[in-house]
Amino acid sequence: MQRAQRMLRARREPEATRERTPSAQSTPSRRSHARPAPVIDLRDVRKTYHVGNIAVHALRGVSLRVERGEYVAIMGASGSGKTTLMNIMGCLDEPSSGVYRLNGLDVRGIDDESLADVRNHHIGFVFQSYNLIPRTSALANVELPLAYAGIPRAVRRRHALRSLARVGLADRVDHLPSELSGGQQQRVAIARALVTNPALILADEPTGNLDSTSGAEVLALFERLSESGRTIMLITHEDEVATRARRVVRIRDGSIVSDERIRMGEGVR
Ligand code: ADP
Ligand code: MG
């Protein structure tokens, strides 16, 4: 995290002093009593894909702030722009226009290698299809993000074991993905997402391939993570999945159409 922040800071400061008023630009984290920056801060984000002569407006001006510790479901029909939004939030793709700040860092114009660094340090990804490496143990799969980050082997192992224990798989660490159920594989993927201690967990249809029992286990796990203070963005087209979150943002044709907070106890359990 520090490396990325240093790099971004160096890149942003000349612009800041040149163009903006000091009060609008002060870095919140440097003031002793200021609130931390939102984990997600999207401002009028648009994404247009060009396919031949046709422009597909996948996002049409999305503004969204998510504070640390929130549990948000992004809900919308197929084709509404959910994955496009997730790709932008996950720094896997760039907006056509608008600004995205992740933990206060404006990620515009960052080179690919540094973006990979930002992703590795700030975000844990969970996908519908688990994306585990086959013929590789659960433990080695979970260690992988730490290996990319250059963490020594013994430390990696300790963190990965702890992460697997947290998702209830302490007794499956040497199993291959093919030796695990779908629900267990998704829990390995969640352990992998957690192992770098990221500020943000981004999950795109994480229960989409699971039977209802395994899906419920995964949702229960997200709830526990949320209660322990993680920031979670869960993308889904299923109402009963969305109502497990504390806030539901609905998206239609690339625009946010509603943004509701669910009070404790009101969600469908
Ligand atoms: P969702 O995840 O909600 O199903 P997507 O974000 O995948 O929606 O897609 C939103 C819209 O953008 C759709 O109309 C889709 O066809 C289009 N789209 C998504 N990715 C691309 C792409 N790489 N090139 C062109 N059009 C795309
Ligand atoms: Mg999608």
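**Reading the model**

Author: Residues 24 or more positions apart account for 69% of the contacts with a separation of 6 or more in the protein; two residues are in contact if their C-beta atoms, placed from the backbone, lie within 7 Å. This is a predicted model, in which local features need pLDDT of at least 70 and side-chain atom pairs count only at pLDDT 80 or more, while totals for chains, interfaces and linings use all residues. Residues are numbered from 1 along each chain as its sequence is written, and chains are lettered from A and ligands numbered from 1 in the order in which they are written.

Reader: What pLDDT does the protein average, and over which residues does pLDDT stay under 50?

Author: pLDDT is the predictor's confidence in each residue, from 0 to 100. The protein averages 87, and 86% of the residues score at least 70. Over residues 1-29 the pLDDT stays under 50, and the model has 22 contacts beyond four places in sequence for this segment.

Reader: How many helices and strands does the protein have?

Author: Helices (H or I, at least four residues) and strands (E, at least two) are DSSP runs, numbered from the N terminus. The protein has nine helices and 10 strands.

Reader: What is the strand order in the open sheet of four strands?

Author: Two strands pair if DSSP finds at least two bridges between them. The open sheet has the order β2-β1-β4-β5, with antiparallel pairing. Its edge strands, β2 and β5 (105-106), each pair on one side only. β1 is joined to β2 by 10 bridges, the two running antiparallel, and K47 stands opposite L59 in β2. These two strands form a hairpin with two residues between them, and G52 in the turn has a positive phi of about 60°. β1 also pairs with β4 (residues 97-102), in the antiparallel sense over five bridges; here I40 stands opposite L102. In a regular strand the side chains alternate between the two faces of the sheet.

Reader: In which sense, parallel or antiparallel, do β3 and β9 pair?

Author: β3 (residues 71-75) and β9 (residues 247-252) pair in the parallel sense over four bridges, with M75 opposite R250 in β9. β9 pairs with β10 (residues 255-261) in the antiparallel sense over six bridges, and V248 stands opposite E260 in β10. The hairpin of β9 and β10 has two residues between the strands, and D253 there takes a positive phi near 45°.

Reader: Which residues are around ligand 1?

Author: A residue is near a molecule or strand if its C-beta atom, placed from the backbone, lies within 6 Å of it. Around ligand 1 are Y49, V51, V56, A58, G76, S78, G79, S80, G81, K82, T83 and T84. The elements that give two or more residues to this shell are β1 (40-51), β2 (54-66) and α3 (82-89), and the largest share, three residues, comes from α3. By class the shell has four nonpolar, seven polar and one charged residues. In this scheme Ala, Val, Leu, Ile, Met, Phe, Trp, Tyr, Cys and Pro count as nonpolar, Asp, Glu, Lys and Arg as charged, and the others, Gly among them, as polar.

Reader: Which residues touch the most other members of the largest nonpolar core?

Author: In soluble globular proteins, nonpolar side chains tend to be buried together. A residue is buried if 20 or more other C-beta atoms lie within 10 Å of its own, exposed if 12 or fewer, and partly exposed in between, with C-beta atoms placed from the backbone. A nonpolar core is a set of buried Ala, Val, Leu, Ile, Met, Phe, Trp, Tyr and Cys residues joined through C-beta atoms within 7 Å. Buried residues make up 39% of the 269 residues in the protein. Of the 64 residues in the largest nonpolar core, A73, I74, A191, L202 and M233 touch the most other members. α7 gives the most to this core, with six residues. Leaving aside neighbours within four places in sequence, A73 is in contact with L234, T236, V241, A242, A245 and V248.

Reader: Against which helices do the buried residues of α5 pack?

Author: They pack against α4 (112-122), α6 (153-166) and α7 (182-194). The buried residues of α5 (residues 138-148) include L139, V142 and L146.

Reader: Why is R135 counted as exposed, and E205 as buried?

Author: R135 is exposed because 8 other C-beta atoms lie within 10 Å. E205 counts as buried because it has 20 C-beta neighbours inside 10 Å. R135 lies in the loop between β6 (123-127) and α5, and has a positive phi of about 55° although it is not a glycine. E205 lies in the loop between β7 (200-204) and α8 (212-227), and its phi is near 50°.
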